[in-house]
Amino acid sequence: MLQEPGRGLDLAGATKAGHQLFFANMSFHRRGAPKLSPEQRAPWKLRDKNNQPVTGPAAEMGMQTTLFDMPPDQKAVAARARLEDNDLTRYCAAIVRQHAQRAGWSKRQRNDVTRSLRLLEGLRPSPTAKVRATDVLQLRQYSGNVLSTIDVLAAAGLLIEDRPTHIERYFAAKTSTLPPAMKDQLEIWLQVLINGAHQAPRQIPRDPKTIKAHILGIEPIIHAWAEAGLQSFAEVTRADITAALDETTARRHIAGNGLKSLFKTLKGRRLIFANPTRGMKASPKGSTIPLALDTAVIREELNSPNPAVALAVSLVAFHALTAQQISELKLTDISDGHLKLGDRDIPLAAPVRTRLTAWLDHRNRTWPGTANPHLLINRRTAPRLLPASRQFPWAGRTLRPRVLREDRILHEIHATGGDIRRICDLFGLSVEGATRYLNTLEHPDLTRQDPQVR
């Protein structure tokens, strides 16, 4: 408005009598909007900028990056939450009622979610912006509800899921001290493993367990290279890889697979000159010998005062279920003393039925209104329909479900004299998996002196 034709921009004059509309001396291109047709001009006021009817607090198509982060005033945010309902709470009211009815929320749970939505209205950068999941995590400092609020926002289409996954957190913890060049190359490799690749070398997304195994295998090797002075994987030679694998005994197989995957991806993205693992033969897969557990330790956990722990331990100790199978069990999978597990029909042992009854009584007393269909639930999953994590209820216990499962199968292979067909049918093992236990029959350290049935 103040610039004269044929003259440069007077910044000093603009700061005195004008308003700053953009950053000065930065190149940008103004693109004018196309003219509206006569039939478009009439209803324009009733439409939003995306030419769509306004039916609620529509989310912005693009997120404007913040110039700087300023922590909100906690007192001001808490005070706004005590006011009447805002646009966000009114828009999500029907969804809150649906979730409350379907998941069996209590009145307090429903009020907590409504209060959390009021808090988020004060934390959003603009009234029409979507809500980031990381911003919802800030509700903990205001005693807000996090998980159920995220479910409601996701159902309303107002959630931006930007929380780091378990693999991303695990990767960050293992690579935080590496040189910047190495870390950047590893991040590219991680994204290819997670999302796959459409350019050569093409690759489908890998299972999170496979990705974690790759990171676990190569983590000590790449840290040793970094300590030796290497700054990039382009400096790694075939001799370095051979020497590193020779020093790795227990994890040689997974370390070799991880290094092959890493250098193949880096070579395909032209981040290294040559693939030093090309033509290398895969290391033989190592096999461990399952060991028996102390019966007194198992008996102590079976008699735990925590009914969830006692039930989980009994399901593994008598029927060799995995932690994943236990977390995914539903109430309808158990009927008339039998457990339906895929194609298997498992008659539950008497000690398991006793502990199952104790857990169901505790479950009904603690969460009488829950609609969660899974057998094992806790405080976090009772108001939702999701299963508990595989760490529940094993966190803080001396027994691990994998080791306890191996002890059960080992006991059965010795009790049946090596009947491998029975082992496969009873526990759903493959022939190769059952052979691992069969090879322990003649091992002197695994001969049981007291073959009593627990």
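What volume does the largest cavity have? Let me answer that with the reminder that we are looking at a predicted model, in which the largest cavity comes out at about 70 Å³. A search of the whole structure turns up two cavities of 30 Å³ or more, and I would like to go through both of them in turn.

Let me stay with the largest cavity for a moment, and look at what surrounds it. Its lining is made up of Ile241, Leu245, His253, Gly256, Asn257, Leu259, Lys260, Thr277, Met280, Lys281, Ala282 and Ser283. Two helices, helix 11, which covers 238-247, and helix 12, which covers 252-268, each provide at least two residues of this lining, and helix 12 contributes the most, with five residues. If we sort the lining of the largest cavity by class, we find five nonpolar residues, five polar ones and two charged ones.

Now to the second largest cavity, which has a volume of about 40 Å³. Here the lining consists of Phe171, Lys174, Thr175, Leu186, Trp189, Ile215, Ile218, Glu219 and Ile222. Three helices each supply at least two residues to the lining of this second largest cavity, namely helix 8 (166-175), helix 9 (180-195) and helix 10 (208-227), and the largest share, four residues, comes from helix 10. In terms of class, the lining of the second largest cavity holds six nonpolar residues, one polar residue and two charged residues.

How values were computed. Residues numbered from 1 in each chain as written. Predicted model: local features only at pLDDT ≥ 70, side-chain atom pairs only at ≥ 80, totals over all residues. Heavy atoms only, no water. 1 Å grid on protein atoms, 1.4 Å probe; cavity = no way out; pocket = protein on both sides within 12 Å on 5 of 7 lines; lining within 4 Å. Points joined across faces, edges and corners; volume = space filled by probe spheres on them. Nonpolar A, V, L, I, M, F, W, Y, C, P; charged D, E, K, R; others polar.
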